[in-house]
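Here are some friendly notes to read alongside the structure. Keep the 3D view open and look up each residue as you come to it.

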Amino acid sequence: MTPGQQIISDWFAAKQWQQFPFQKEMEKTFLKGYSGLLNAPTGSGKTFAMFLPFISDYINKHPYDYKDRKNNGLQLLWITPLRALTNDIRKAMQSVVDDLGLPWKVGSRTGDTSAKEKQELRKKQPEILLTTPESLHLMIAQKEYPKLFENLQAVVIDEWHELLGSKRGVQVELGLSRLKNLNFPGKPKLKIWGISATIGNLEQAAEVLLGNAFDPGQVRLVRAKQDKKIIIESVIPANIEEFSWAGHLGIKLLPQVMEIVANSKTTLIFTNTRSQSEIWYMAILDKYPEYAGVMAMHHGSLDNELRNWVENALHNEMLRLVVCTSSLDLGVDFRPVDSVVQIGSPKGVARFMQRAGRSGHHPGATSKAWFVPTHSLELLEGAALKQAIADDVFESRDPILLAMDVLMQYLVTLAVSDGFKPHEVFREIKTTYCYADMEARDFGQMLDFITKGGKTLSAYDEFLKVEIENGVYKVNSRKVAMRHRLSMGTIVGDVSIRIRFLSGGYLGSIEEYFITKLKIGDTFWFAGRSLELVKIKDMTAFVRKSSKKKGIIPNWMGGRMPLSSQLSAKLREKLNEVGVLINKGMEGRMKTSKGLDVEVKALKPLFELQAKLSRVPLSSEFLIEKFHSRDGYHLFFYPFEGRLVHEGMASLFAYRISQIRRANFSIAMNDYGFELLTDDRILLEEALANGLFSIDNLLEDIQRSLNANEMARRRFRDIAHIAGLVFTGFPGKAMKSKHLQASTSLLFEVFNEYESDNVLVRQAYHEAMQFQLEEFRLRAALQRIQTLKVVITESKRPTPFAFPILVDSLGREKLITETLEERVAKMTLMYNKD
């Protein structure tokens with residue numbers, strides 16, 4: 001045992017903690033000089049598993065004077081995806097170095113770090129620095145930035161599974177490519193390690209992190225073979241609705257949820273959207289006012305000070321309940337939390353595991369999570385989640401390839417600091433997974449764009465950012481440099497308006513499009529408060545507290561998450577179990593069968609009605625339902641593949657059917673299926689015979705069936721922002737959304753007409769197919785469907801499977817005289833009549 005290992009072992013003993021086998025393995029692996037990926041579940045001690053080996057390595061190098069060595073410079077860079085994680089990790093690390101007598105400082109540099117603190121960090125680097133991908137690039141954008149990293153020994157990327165498959169992950173890849181190639185005399189090779197929860201492609205995750213410059217023999221994957229105990233229970237509604245529709249049921253189960261809260265020390269209620277968290281917080285405050293003072297809310301749009309207060313209050317056991325979103329998904333350590341409630345399906349196995357792991361968040365503890373359906377049929381997703389976890393089935397995170405917008409931003413970042421030589425940078429980026437296949441022609445096009453504006457924008461000075469001096473590409477304009485630093489990053493959303501009390505104090509931010517719909521004097525709910533809009537000035541909405549009980553709940557763009565392919569497959573398995581029993585006339589055994597989940601048993605009335613009106617499809621069958629109403633002829637298809645796949649499939653089928661007989665279709669979809677509605681009878685059988693499910697000419701047919709140009713235009717808005725083609729404004733004076741949209745649309749049209757081979761335009765079309773329609777999943781789904789027996793049924797009224805899709809289409813209509821809920825209630829009454 002080395003001196004460092006002995007000291008770490010003694011530290012564990014003094015704490016009366018057990019050093020787990022995977023932590024010992026990680027220590028041995030790190031000390032042998034390997035880089036790689038640590039895979040460990042939430043709450044297993046993975047932060048210490050990675051941090052303590054680094055300390056052990058340092059002590060081994062300086063066994064006699066490690067307590068006396070000061071001002072060592074930056075030794076360890078720890079990158080996290082969330083700013084909220086840095087406070088918790090920093091405190092834990094500082095506690096360890098203090099215990100061991102190391103005269104070290106653990107610092108952090110994120111978007112929340114004050115200008116004064118950043119200045120202090122420049123003057124004197126801490127030995128350990130916690131930062132985010134964006135802040136790493138901001139450090140690289142400083143003059144003489146290599147000096148910051150001249151003593152760097154190791155880089156750790158925490159929660160790598162959250163960054164993989166995103167443009168922030170590409171930022172990390174580029175940042176690491178630079179750090180790996182900074183050469184200092186006598187400095188050993190940089191160690192790079194990632195920490196990841198369980199995902200389906202761990203080996204590939206390690207490849208993406210390390211790139212292709214690492215010798216495979218020097219790469220290791222360390223797995224924690226601990227069995228994390230998770231107890232999952234579904235909240236079963238007292239009455240199962242045969243005609244259920246998405247969203248309405250959740251709040252009706254509030255009494256059952258609050259019973260869980262009452263029996264727990266501290267509970268986190270996870271919602272999938274910020275709007276949903278506001279609704280639940282307001283409902284609890286209204287029905288259970290006794291929780292005022294011991295309840296809080298946490299989501300990404302709240303002011304940082306509010307979020308920090310909530311996190312500290314959780315640590316200090318001041319709160320019994322927090323309503324939150326994915327902002328509390330990741331590694332923040334809240335030991336007092338013993339229960340997690342998930343409102344609605346998380347749509348992914350890994351996401352649910354991550355949230356469940358927030359309870360019992362320490363080694364050896366049992367996590368307890370409740371699943372609360374927002375409509376009856378969602379209970380089937382609860383059963384599928386439990387099965388997927390039992391079978392160790394988790395989603396993969398597919399890496400992003402050739403993200404030209406991120407690369408263009410990175411090139412200007414290098415030019416803003418000390419400049420770069422193209423041949424050196426091209427060689428570096430080719431060592432990353434993202435840009436390994438990049439062609440010199442495309443790289444040259446990007447260099448041409450940042451220096452000359454490309455083929456089409458050379459007449460406009462604002463696009464001529466970089467100058468060439470003796471073969472070095474540099475930004476000499478202070479204005480260009482300042483604007484670039486202000487707009488760096490890959491997180492792009494709608495322009496935000498800050499919310500501030502007239503009397504002072506910020507609450508957070510809301511997207512511009514929501515605020516612009518309000519009039520002065522209107523009341524809305526935000527941060528758990530009823531607020532009256534007083535005035536809007538300089539991108540700030542000034543508000544005062546309102547005594548009104550009712551107000552509009554903000555909604556944020558995006559929000560709906562599609563069902564993952566892994567969860568979709570488990571859902572179809574559960575449906576097959578039901579179909580086997582019902583189609584054999586054995587539905588009476590559903591309540592007593594020991595092999596069926598409680599969720600499936602509870603859904604017996606719904607499945608019996610589905611079988612009576614149509615069919616519960618087996619895994620070998622593909623169900624299509626026909627239904628005629630005063631609105632027209634309805635066709636319902638049930639691939640059970642998720643909303644995004646269904647969006648593309650619905651448009652594809654509509655296009656292919658219209659090739660037989662011209663027709664106009666209305667389309668609606670949910671995660672289970674989709675509807676095609678038209679005025680004339682649909683020639684379904686002829687369409688099936690003509691290859692409705694075929695994958696021949698798939699990409700061409702998708703592009704013909706959808707407005708591919710418009711989809712690419714929407715993707716281009718974000719791409720242009722990241723690439724730096726548009727400046728979004730100064731702090732407090734952001735450019736309005738409609739102006740941004742107009743600017744990017746104009747650029748898109750110019751490139752499309754005069755520069756069709758533009759790398760950013762090509763990227764926009766590729767992203768539209770890959771991310772908006774999940775073209776790869778659509779292709780795989782069609783291949784699966786081609787192997788199934790097609791079952792077509794026709795009924796006089798919609799089935800339980802069809803009803804929520806009908807409601808989804810209603811939700812997009814403007815109902816003037818009645819609410820959506822009132823109209824759905826009337827529909828339910830009508831369809832329940834024999």
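1. Let's start with sulfur. The structure holds 0 disulfides.

2. The mean pLDDT of the protein is 84, and 88% of its residues reach 70 or more. Over residues 811–818, however, the pLDDT is below 50, and this stretch has 8 contacts in the model beyond near neighbours in sequence. Where pLDDT is low, the predicted coordinates should not be read in detail.

3. Now for the overall picture. The protein has 32 helices and 27 strands. Of its 834 residues, 57% are buried. Its accessible surface comes to about 35,500 Å², and carbon and sulfur atoms account for 49% of that.

4. Next come the charged pairs. Side chains of opposite charge can pair when their charged atoms come close. The structure holds 36 salt bridges, and the next points visit some of them.

5. Asp 448 and Lys 452 meet through their side chains in a salt bridge, at 3.9 Å from N to O. Both lie in helix α18 (residues 440–452), 4 residues apart, which is about one turn of the helix.

6. Which residue forms a salt bridge with Arg 572? The partner is Glu 641, with 3.4 Å from N to O. This pair links distant parts of the chain, 69 residues apart: Arg 572 sits in helix α21 (residues 565–583), while Glu 641 is in the loop between β22 (632–637) and α24 (643–658). Arg 572 counts as buried because its relative accessibility is 18%, under the 20% cut-off. Glu 641 is buried too, at 7%.

7. Lys 626 and Glu 685 form another salt bridge, their closest N and O atoms being 3.3 Å apart. Here strand β21 (residues 621–629) supplies Lys 626 and helix α25 (residues 684–689) supplies Glu 685, so the pair links distant parts of the chain, 59 residues apart.

8. Finally, look for a network: salt bridges that share partners join Lys 167, Asp 405, Arg 715 and Glu 767.

Technical notes: Residues are numbered from 1 along each chain as its sequence is written. This is a predicted model: local features need pLDDT of at least 70, side-chain atom pairs count only at pLDDT 80 or more; totals for chains, interfaces and linings use all residues. Side-chain values use heavy atoms; hydrogens and water are left out. Helices (H or I, at least four residues) and strands (E, at least two) are DSSP runs, numbered from the N terminus. Buried means under 20% relative accessible area, exposed over 50%, partly exposed in between (1.4 Å probe, protein chains only). Accessible areas come from the Shrake-Rupley method with a 1.4 Å probe; for residues, only the protein chains shown count as cover. A disulfide is a pair of cysteine sulfur atoms within 2.5 Å. pLDDT is the predictor's confidence in each residue, from 0 to 100. Contact means heavy atoms within 4.5 Å. A salt bridge is a side-chain nitrogen of Lys or Arg within 4 Å of a carboxyl oxygen of Asp or Glu.
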